[in-house]
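Hi there,

Here is the structure I promised to pass on to you. Have a look at it first, and then read on for what turned up.

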Amino acid sequence: MYSTAMSLSAAAAAVAGGASLRPDVIRPAGLRFCGLRREALGLRSLQCSPQVSARRSVSAGAAAAENGAHGSGGFDYDLVIIGAGVGGHGAALHAVEKGLKTAIIEGDVVGGTCVNRGCVPSKALLAVSGKMRELQDEHHMKSLGLQVSSAGYDRQAVADHANNLASKIRSNLTNSMKALGVDILTGFGTIVGKQKVRYGKVGFPDNEITARNIIIATGSIPFVPKGIEIDGKTVFTSDHALKLESVPDWIAIVGSGYIGLEFSDVYTALGSEVTFVEAFDQLMPGFDPEIAKLAQRILINPRKIDYHTGVFASKITPAKDGKPVLIELIDAKTKEHKETLEVDAALIATGRAPYIKGLGLENINVVTQRGFVPVDERMQVMDADGNAVPNLYCIGDANGKLMLAHAASAQGISVVEQICGKDNILNHLSIPAACFTHPEISMVGLTEPQAREKADKERFEVSVVKTSFKANTKALAENEGDGLAKMIYRPDTGEILGVHILGLHAADLIHEASNAIALGTRVQDIKFVVHAHPTLSEVLDELFKAAKLLQLSSSIKRRDMIKTLVG
């Protein structure tokens, strides 16, 4: 699932708390840990069995019994998941691991947006664009002592590569669920009442099943603003673009978030000229401003890309009868007409909208908020009166908390833990995000402006440290010294608030930082971790070592001592 800049910023701004420790373990006052921290402390997830429940507290055992952790109890299934994308798949596999009788309903194809129309095929196209850029960079090749003749590509072969990858991953997901005993039910799922789901395909009789617990995991579809006419050929969304049916000479990309940036990387590598149309006053509005500024210098300015900021595409007309695509631009503030662009094609990359059509929310008194299914911090669906709907959860893009495939999977796993009687609250600020341009961009936690706003409200100091890829031996060996890593942290406690990376393999490097945030590891601890030399990981090693802390107070030292004893 693609992430929109708006949803990422909103999710990062909302600070999620840590989950409670297991009830049968002594918990020092004031200590809170997220789910991953519990695992690190040896408080592992346990199978949903009577023996395990007997060892839990009365309240946890009651919750497990209420949620049907020990069998279907008159229901067809312990758990039914509506939607077989990455989120639904992750939840299903974890449910089976916990011993739950599980079914998953899918009306389209297994894998959802990510596998079929998002992350997976787009990475295939980006792999091609990365190779093309390397082969086309004569200066880069010569500096390595290599001589390469002119590079070319076969458009259909590139498109086939993306399609074949999606098919392979889709098959892997399907086979993994079947092998573990997950029932895959074909059709569109509708909630018809408490713990009841109807599913079926058009032209065939419907089937109705009961489930002790239900997870909504229906994902999202591309958001197309009013006034834009989609024909799928000359004006299209990412769904169409991934088929790579053509490579236009000049393409306008409406939106400069993750989707727009990645496709600009693909199209310019394959020879297109790109024009960005961005409603905000600056490109890449959802990124940390310093990273966005550097990304513009590396990813935008040297390439055949121009841009219009502070404007809306109020009307887009597809090419027809020999006429080009027409894009009418208006000022984002005054709404006055600015100009009309004539291009060969237009990609609409304005984000994604939740897909909840036919879900039957009205049958259970649930009203969407800005189109999203309202949930609490445990992903439990909230009704129109603000009450949690028993045994009903929503994960992934449909709830809008963080529109990323791996976030959906993490939410699904968290929900299954709760169904089995183990409280689990996912810390969304520990979930990383990445943009797979060349070079890549990655991030976790808060941006610097968000961190400073939080610091002003909660009255603490914020510090920032940075390291350059130009100082990294491995990056220099690859002649890929363009890049920056940046950490925002609290100098009084050493808490890591956010990490942002632009550079070679940034998408892989970010996980050390995201795991540190998830585990509650602070700068003063992680700076002693050893990194292999010479590796790109030393970029983060230098970043952690560069952090300067204030003199720790006696209260913090006491807290550290308690954490050590608990660990």
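Let's begin with a cysteine: is C114 buried or exposed? Bear in mind as you look that this is a predicted model. C114 has a relative accessibility of 9%, so it counts as buried, the limit for that being under 20%. Its partner is C119: the two form a disulfide, with their sulfur atoms 2.3 Å apart. In case the word is new to you, a disulfide is a covalent bond between the sulfur atoms of two cysteines. C119 is buried too, at a relative accessible area of 17%. The count for the model comes to 1 disulfide. Two further cysteines to find are C394, buried with a relative accessible area of 0%, and C435, also buried at 0%.

Next, the inside. The largest nonpolar core has 50 residues, and I81 is among those with the most contacts inside it, as are V80, I209 and V381. If you click on I81, you can look for the residues it touches, including G88, T102, I105 and I215. There is also a second, separate core of 49 residues, which includes A159, A433, M443 and L502.

Finally, the surface. L135, L144, L146 and V148 form a nonpolar patch there, with about 310 Å² of accessible area together. L146 has a relative accessible area of 44%, so it is partly exposed, a label for values between 20% and 50%.

Enjoy exploring!

Definitions and conventions. Residues numbered from 1 in each chain as written. Predicted model: local features only at pLDDT ≥ 70, side-chain atom pairs only at ≥ 80, totals over all residues. Heavy atoms only, no water. Patch = residues over 30% accessible without salt bridge, like charges linked within 9 Å, V, L, I, M, F, W, Y side chains within 5 Å. Areas by Shrake-Rupley, 256 points an atom, 1.4 Å probe, with all protein chains shown as cover. Salt bridge = Lys/Arg side-chain N within 4 Å of Asp/Glu carboxyl O. Buried < 20%, exposed > 50% of the residue type's maximum accessible area, 1.4 Å probe, protein only. Disulfide = S-S within 2.5 Å. Core = buried A, V, L, I, M, F, W, Y, C linked by side-chain atoms within 4.5 Å. Contact = heavy atoms within 4.5 Å. Lists of a residue's contacts leave out its neighbours within four places in sequence.
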